[in-house]
Amino acid sequence: MSLDTLERADFVWLTALFEARTGIRLGFEKHTMVVGRLLPRVRARKLESLGEYLQLLRAPHEEAERELLVDQLTTHETSFFREPKHFEVLDAWARSVKPSGAPLRIWSAACSSGEEAATIAMVLEQVAPPGGYEVVGTDVAPEVVRRAQRCVYPLERTTGLSQALLQRFCLRGEGEARGTFCLKDSLAKRLSFRVGNLLEPQPALGQFDVVFLRNVLIYFDDERRRRIVANVLERLKPGGLLLPGHAEVVRDCSDALEPLGPAAFRFVPAASRAA
Ligand SMILES: C[S@@+](CC[C@H](N)C(=O)[O-])C[C@H]1O[C@@H](n2cnc3c(N)ncnc32)[C@H](O)[C@@H]1O
C-alpha cells in the first residue's frame, strides 16, 4: 500500500470506528480529506504508510491513538465572536432575565477549542448578572477539549476581539508562550470543559438557561440530528434559549421551540405552556 491511499476495506473499517465514536458517517468521497488528516499521525508515529497506521490503530493498547483519530477526523473550525448576532441575543437576554439568585448556566455544546465558551464569558462579564454565571463546554474530541481547558490560543486567533476586550480579558504570552495569548484567570475560572458525545444523554451536566449548539448538526443525518436536539432539550430549562448555527435546522425536531429571531429559539415545553 502506498503512503497516501487507503484500500476501500480499510476505509470502511476506519470510518466505522469513527462513526461508532462520533455518530458522523464519512462516505468514500471523503477519501482525500481522510487521508490528508491522517498523514500527520503516520509521520508522528514514524510509520511508512497508512496501512501500518491502520494496523497500529487495531492494537488493543492503542486506545490513545484511537481517541486521537476522533480529533483528527472531526472539523474544529471556530473563532471568537463567530456568528456575532448570537452574542447580541445573549447580551439582551442576560440583561432582561429576572434575577433568581442562582448563577446563569450556559452550555457551549460542541465547543471545539473553547473560543465560543470564552466569548460567552466575555459577554456575561460585561452584563455582570447578580447571581454570577458559569459556562460549560463539551466536545466529543478529547484533544480539542484539553486545548480548550488550557485557555491558551495562537495570537492569530485574536481576530474578532477588540482592543478593549483583549486588554480586559486576555494576556499576551511571553518567553516560551510567545506567539500565544491566554485568558485572565478572572474569566478562565468561569469556564469548564469536558468530553461529551451529543448523541448520548448527559444528565450529569445539569440544567442550562442557554445552549449554544452551533455548527455541529450539519455533520449528522436527520435521525441523529433529531436525537441530538432531543438530548440537548433534556438539558434546557423551560423558557431557556437554544441557539443553533445559522446554517442548521432544528424546527422539525420539536414543537416546543418558539422562534425568537434568526437561529434563536425559546424552549417552551407543553407542560410549562399549560402551567
Ligand atoms: C465546527 S466545530 C463547532 C465549534 C463551535 N460550536 C463553533 O460554532 O464555532 C464542530 C465540533 O463538533 C464536535 N463534534 C462532532 N461530533 C460530535 C458529537 N457527537 N458530540 C459532541 N461534539 C461533536 C467536533 O469535535 C468539533 O469540535
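1. Pro 60 sits in the loop between helix H3 (50-58) and helix H4 (63-73); helices (H or I, at least four residues) and strands (E, at least two) are DSSP runs, numbered from the N terminus. Between the C-alpha atoms of Pro 60 and Leu 161, 101 residues apart along the chain, the separation is 44 Å.

2. The basis of the note is as follows. The model is predicted: local features need pLDDT of at least 70, side-chain atom pairs count only at pLDDT 80 or more, and totals for chains, interfaces and linings use all residues. Numbering of residues runs from 1 along each chain as its sequence is written.

3. The protein chain is divided into domain 1 (8-73) and domain 2 (85-274), with bounds that come from an automatic or database domain assignment. Their C-alpha centres lie 29 Å apart. Eight residues of domain 1 are in contact with ten residues of domain 2, contact being defined as C-beta atoms, placed from the backbone, within 7 Å of each other. H4 supplies four residues, the largest share of the side of domain 1 that touches domain 2. That side has three nonpolar, two polar and three charged residues (Ala, Val, Leu, Ile, Met, Phe, Trp, Tyr, Cys and Pro count as nonpolar, Asp, Glu, Lys and Arg as charged, and the others, Gly among them, as polar).

4. H4 also has buried residues, namely Leu 69, Val 70 and Leu 73. They are on the same side of H4, because they cover an arc of only 100 degrees around the axis; the arc is that of the directions from the helix axis to the C-beta atoms. Their cover includes helix H1 (8-22), helix H2 (31-44) and H3.

5. Of the 24 residues around the ligand, Thr 74, Thr 78, Ala 110, Ser 112 and Asn 215 come nearest; a residue is near if its C-beta atom, placed from the backbone, lies within 6 Å of the molecule or strand in question. The shell comprises nine nonpolar, ten polar and five charged residues.

6. The largest nonpolar core has 69 residues, and those with the most contacts inside it are Ile 120, Val 211, Leu 213, Val 232, Leu 242 and Leu 243. Such a core is a set of buried Ala, Val, Leu, Ile, Met, Phe, Trp, Tyr and Cys residues joined through C-beta atoms within 7 Å.

7. Ala 118 is found in helix H6. Ala 118 counts as buried because 26 other C-beta atoms lie within 10 Å. Leaving out residues up to four places away in sequence, Ala 118 touches Phe 80, Cys 151, Leu 183, Leu 187 and Leu 191.

8. Most residues other than glycine have a negative phi. Cys 151, in the loop between helix H7 (142-150) and strand E3 (152-154), has a positive phi of about 55 degrees. Cys 151 is buried, with 22 other C-beta atoms within 10 Å.

Conventions
A residue is buried if 20 or more other C-beta atoms lie within 10 Å of its own, exposed if 12 or fewer, and partly exposed in between; C-beta atoms are placed from the backbone. Two residues are in contact if their C-beta atoms, placed from the backbone, lie within 7 Å.
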